[in-house]
Amino acid sequence: MKHIVIVGSGHAGLTLSRELRLLNKDIAITLLSRDSGDMYYKPNLSKAISMKKSPADLVMKRKSVLEQEQNINILSEVKVTGIEKEAKCLFYLDSDGVERELDYDQLVLATGASPVDLKLTNSERCISVNSLS
Ligand SMILES: Cc1cc2nc3c(=O)[nH]c(=O)nc-3n(C[C@H](O)[C@H](O)[C@H](O)COP(=O)(O)OP(=O)(O)OC[C@H]3O[C@@H](n4cnc5c(N)ncnc54)[C@H](O)[C@@H]3O)c2cc1C
């Protein structure tokens, strides 16, 4: 069975897996994410503190529900550390920090962006908000 691996479970990664599954029921799809794998709307992070919402309040769909609905496998709280293009495999650290290997037929990098470091005075007191955690 063809195996498509998507790095990232943000808007891009989860929308892609949903659409791929609609097109083809006979492929294996694995998502890897540094996050919990739960679906949330990132713009809501901006308002969460002022609206006194907890991270759990922002979750729209749990990882387990996504896995069941889309028939996909989500490896959460892992970090992809390398790709071996010729061998079609990637390396990641699992949630216990153990290095693991995963083979793919096709690979999609949907890793989003990192916040700009503004180099402000007292920047150690600034927190970048870019994920639920
Ligand atoms: C606070 C805030 C407010 C925003 N407000 C708006 C708005 O009002 N309107 C608007 O249009 N846009 C807004 N955005 C931008 C919008 O949310 C992003 O453009 C969008 O979420 C990008 O989706 P993405 O899937 O490309 O990336 P992301 O949602 O960032 O997802 C990236 C995924 O990649 C994973 N990942 C990254 N590196 C690795 C790795 N090495 N190993 C494993 N997994 C990895 C992450 O864990 C994550 O799951 C806002 C963003 C933020 C942070």
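I began with L120, which sits in the segment after strand 9 (106–109); strands (E, at least two residues) and helices (H or I, at least four) are DSSP runs numbered from the N terminus. L120 is partly exposed at 44% relative accessibility, where buried means under 20%, exposed over 50% and partly exposed in between (1.4 Å probe, protein chains only).

I noted the sources. This is a predicted model, in which local features need pLDDT of at least 70, side-chain atom pairs count only at pLDDT 80 or more, and totals for chains, interfaces and linings use all residues. Residues are numbered from 1 along each chain as its sequence is written, and side-chain values use heavy atoms, with hydrogens and water left out.

I then looked up the whole chain. I found four helices and nine strands, in the order β-α-β-β-α-α-β-α-β-β-β-β-β. The C-alpha atoms fill a box of roughly 50 × 30 × 25 Å along the principal axes. Of the 133 residues, 30% are buried.

I went back to L120 for its patch. With V116 and L118, L120 forms a nonpolar surface patch of about 320 Å² accessible area together. Patch residues have over 30% relative accessible area and no salt bridge, with nonpolar side chains (Val, Leu, Ile, Met, Phe, Trp, Tyr) joined within 5 Å and like charges within 9 Å. A salt bridge is a side-chain nitrogen of Lys or Arg within 4 Å of a carboxyl oxygen of Asp or Glu. Areas are by Shrake-Rupley with a 1.4 Å probe; for residues, only the protein chains shown count as cover.

I checked disulfides (cysteine sulfur pairs within 2.5 Å) and found zero. C89 is buried at 3% relative accessible area, whereas C126 is partly exposed at 44%.
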